[in-house]
Amino acid sequence: MTFIRTSLVILGLAIATTTMGQGIIRHNAPAPKATVKKPATTAASPAKQRAVAQLVKNMVYVQGGTFTMGRTSSKAYWNDSGDKPAHQVTVGSFYICKYEVTQQLWKAFMGTNPSWTKADNMPVEWVNWVTAQKFIQKLNAYSGKRFRLPTEAEWEFAARGGTRSHNYLYSGSDDINEVAWWHDNSGGKLHAVGTKHPNELGLYDMTGNAYEWCSDWQAPYQSSAQTNPKGPQSGRGRVKRGGNCNSSDSETGVMTRSQSLPDIATCCGIRLVCDRL
């Protein structure tokens, strides 16, 4: 045993001498300093970049003006007095997209597609009002812009053709088949945006194809003149306009109103507006 201990000591001295001779001196290594990781930079998404660029290109300037909002025609409409009384409204200038939000644009920011009939160039549908707001938040966070839903007054002003209005029954014509995909010609399904004639402002599908959410809570009209009305502060249903591919002709006029609960998905899409680009 004494021999073994002596051998181990000699072996240890030999190893120490060798390592010192090679310039190797071992110490207890200090604990490494904690490194602060820089936050990962999210790579720019080509799909999102293209989508935003195309959206901005498709925005149409609407010169503000004064118009008569509500039922201004004696032509047949569905039996609903919700679009009465007709009243004077003034809206400021704004930009509005010539197309409804497509499924391609929606997927670029939401990653999913709730639409029943799926195709990139068709309007997104089955979107509830709450989810539409989430989409707009993501779009604005990425683009640095302030897109939003139109007020009901802005929507009707644009659907009527703004200051270029010819007072058509539908958005762009008195002949619904010229400007809309609706019950009698759609085959019960969506169609690609921009495949019918535009209205006086160059806007497509403001009659038919997919309903479009507005920002307002639904409420009865007042007879007094208004400037930039935004609807009541609260309510039960949010306004949707324009009718869809299954709507009758009496449900799709530029003055016809509808509403749905904001957290319930319906056959409804959206059209974006903004105050400046």
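## Helix H2

Buried means under 20% relative accessible area. In this predicted model, Ala51, Val52 and Leu55 of helix H2 are buried. These residues cover an arc of only 95° around the axis, which puts them on the same side of H2. The face turned away from that buried side carries the exposed residues Arg50 and Lys57.

Several elements cover the buried residues of H2. They include strand S1 (59–62) and strand S4 (94–97), along with helix H3 (103–110) and helix H4 (129–143). The length of H2 also checks out: its twelve residues, 46–57, should span 16 Å at 1.5 Å a residue, and the end C-alpha atoms are 16 Å apart.

## Aromatic pairs

The whole structure holds six aromatic pairs. One of them joins Phe67 and Phe157: the ring centres are 5.2 Å apart and the planes meet at 40°, so the pair is tilted. Phe67 lies in strand S2 (residues 65–69) and Phe157 in helix H5 (residues 152–159), so the pair ties together parts 90 residues apart in sequence. Phe67 is buried at 9% relative accessible area. Phe157 is buried too, at 2%.

Phe109 and Tyr142 form an edge-to-face pair, 5.7 Å centre to centre with 70° between the planes. Phe109 sits in helix H3 and Tyr142 in helix H4, so this pair ties together parts 33 residues apart in sequence. Phe109 is buried, at 7%. Tyr142 is partly exposed, at 33%.

## Charges over rings

Arg238 lies over the face of Trp129, 3.7 Å from the ring centre. Lys240 lies over the face of Tyr211, at 4.5 Å from the ring centre.

Conventions: Residues numbered from 1 in each chain as written. Predicted model: local features only at pLDDT ≥ 70, side-chain atom pairs only at ≥ 80, totals over all residues. Heavy atoms only, no water. Helix = DSSP H or I, 4+ residues; strand = E, 2+ residues; numbered from the N terminus. Expected span 1.5 Å × (residues − 1). Buried < 20%, exposed > 50% of the residue type's maximum accessible area, 1.4 Å probe, protein only. Arc of directions from axis to C-beta. Contact = heavy atoms within 4.5 Å. Phe/Tyr/Trp six-rings, centres within 6.5 Å; stacked < 30°, edge-to-face > 60°. Lys NZ or Arg CZ within 6 Å of the ring centre and 35° of its normal.
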